[in-house]
Amino acid sequence: LIENIKKKIELLEEQRSALINQVVTKGLDPNVEMKDSGIDWIGEIPEDWSISKLKYVTNIFGRIGFRGYTKEDIVDPFQGAIALSPSNISNSQKITLNSSTFISFEKYNESPEIQVKNGDIILVKTSSIGKVGILEMENSFEQKITINPQMIILKNITNIKKFMYYSFISNYFQFELESNKSGGVMPTINESKINSFSIILPPIEEQKKIASYLDDKTKKIDLLIENIKKKIELLEEQRS
């Protein structure tokens with residue numbers, strides 16, 4: 001019974017992924033005129049959409065080597081700033097601050113360009129390549145946050161941030177990441193390559209509609225998954 005229920009989670013996750021892939025590349029109107037994007041792994045896009053390079057719609061920042069941190073910079077929880085790592089992004093591409101590493105405020109203040117603010121998008125570029133998160137905290141949240149050397153942060157985004165986030169977790173952008181990584185045991189991808197990645201751009205108003213639509217649909221799917229996980233926990237408790 002538990003295994004059958006787990007399969008439902010897999011199906012819902014596949015449904016969620018397929019929904020995002022369809023909408024960020026084809027839009028919400030199934031009857032819209034299409035055109036060739038000129039990029040094999042993207043295929044056709046709506047007639048009034050465009051293709052750009054990531055460097056033209058955002059600025060990418062990473063933790064510069066000489067501003068890295070050592071064990072001496074790590075402090076007790078809540079005695080410094082959180083340094084996000086790949087483990088802070090869940091498999092469902094959500095940022096979670098549980099079990100965070102904290103570094104000194106001095107080290108945090110050393111690199112203002114990678115200080116994480118609400119709406120910033122975080123992307124893993126080393127090891128767990130392709131994990132993506134967008135920081136969405138309440139206005140009252142005051143914890144200072146930065147990133148570790150495995151991450152990059154996207155700031156000054158000229159498009160709808162939530163639309164960009166959904167684009168980054170879609171298959172076409174993940175394909176670009178996978179195709180451009182290098183290294184074996186610890187694969188990585190440099191920022192200049194990421195800057196040159198193609199990004200699909202609907203008109204701004206359509207980006208808003210798509211982001212709102214996906215927020216609603218994915219939230220419902222995530223809630224179903226969460227309820228199924230709770231059911232599994234209860235069944236496992238009964239079994240033990």
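Two strands count as paired if DSSP finds at least two bridges between them. Strands (E, at least two residues) and helices (H or I, at least four) are DSSP runs numbered from the N terminus. The model is predicted, so local features need pLDDT of at least 70 and side-chain atom pairs count only at pLDDT 80 or more, while totals for chains, interfaces and linings use all residues. Residues are numbered from 1 along each chain as its sequence is written, and side-chain values use heavy atoms, with hydrogens and water left out.

**View 1. The β8-β9 pairing within an open four-stranded sheet.** Strand β8 (residues 121-124) and β9 pair in the antiparallel sense over three bridges. G133 in β9 is the bridge partner of I122. The strand order of the sheet is β4-β11-β8-β9, with antiparallel pairing. At the edges lie β4 (59-62) and β9 (132-134), each of which pairs on one side only. From one strand to the next, the twist averages 25°.

**View 2. Helix α3 across the sheet.** Helix α3 (residues 161-168) lies across β8, β9 and β11 (151-155). Its direction is at about 165° to β9; axes are lines fitted to C-alpha atoms, for helices over the stretch in contact (heavy atoms within 4.5 Å), and angles run from 0 to 180 degrees between N-to-C directions.

**View 3. The salt bridge of D120 and K155.** A salt bridge is a side-chain nitrogen of Lys or Arg within 4 Å of a carboxyl oxygen of Asp or Glu; the structure holds ten. The side chains of D120 and K155 meet at 2.6 Å, N to O. D120 is in the loop between α2 (105-110) and β8, K155 is in strand β11, and the two are 35 residues apart. Both D120 and K155 are buried, where buried means under 20% relative accessible area, exposed over 50% and partly exposed in between (1.4 Å probe, protein chains only).

**View 4. The salt bridge of K162 and E136.** The closest N and O atoms of K162 and E136 are 3.2 Å apart. K162 lies in helix α3 and E136 in the loop between β9 and β10 (145-147), so this pair ties together parts 26 residues apart in sequence. K162 is buried, with a relative accessible area of 14%.

**View 5. The salt bridge of E205 and K208 in helix α6.** The closest N and O atoms of E205 and K208 are 3.2 Å apart. The two residues are separated by about one helical turn because they are three residues apart in helix α6 (residues 204-239). E205 is partly exposed at 48% relative accessibility, and K208 is partly exposed at 41%. Elsewhere, salt bridges that share partners join R16, K94 and D222 into one network.
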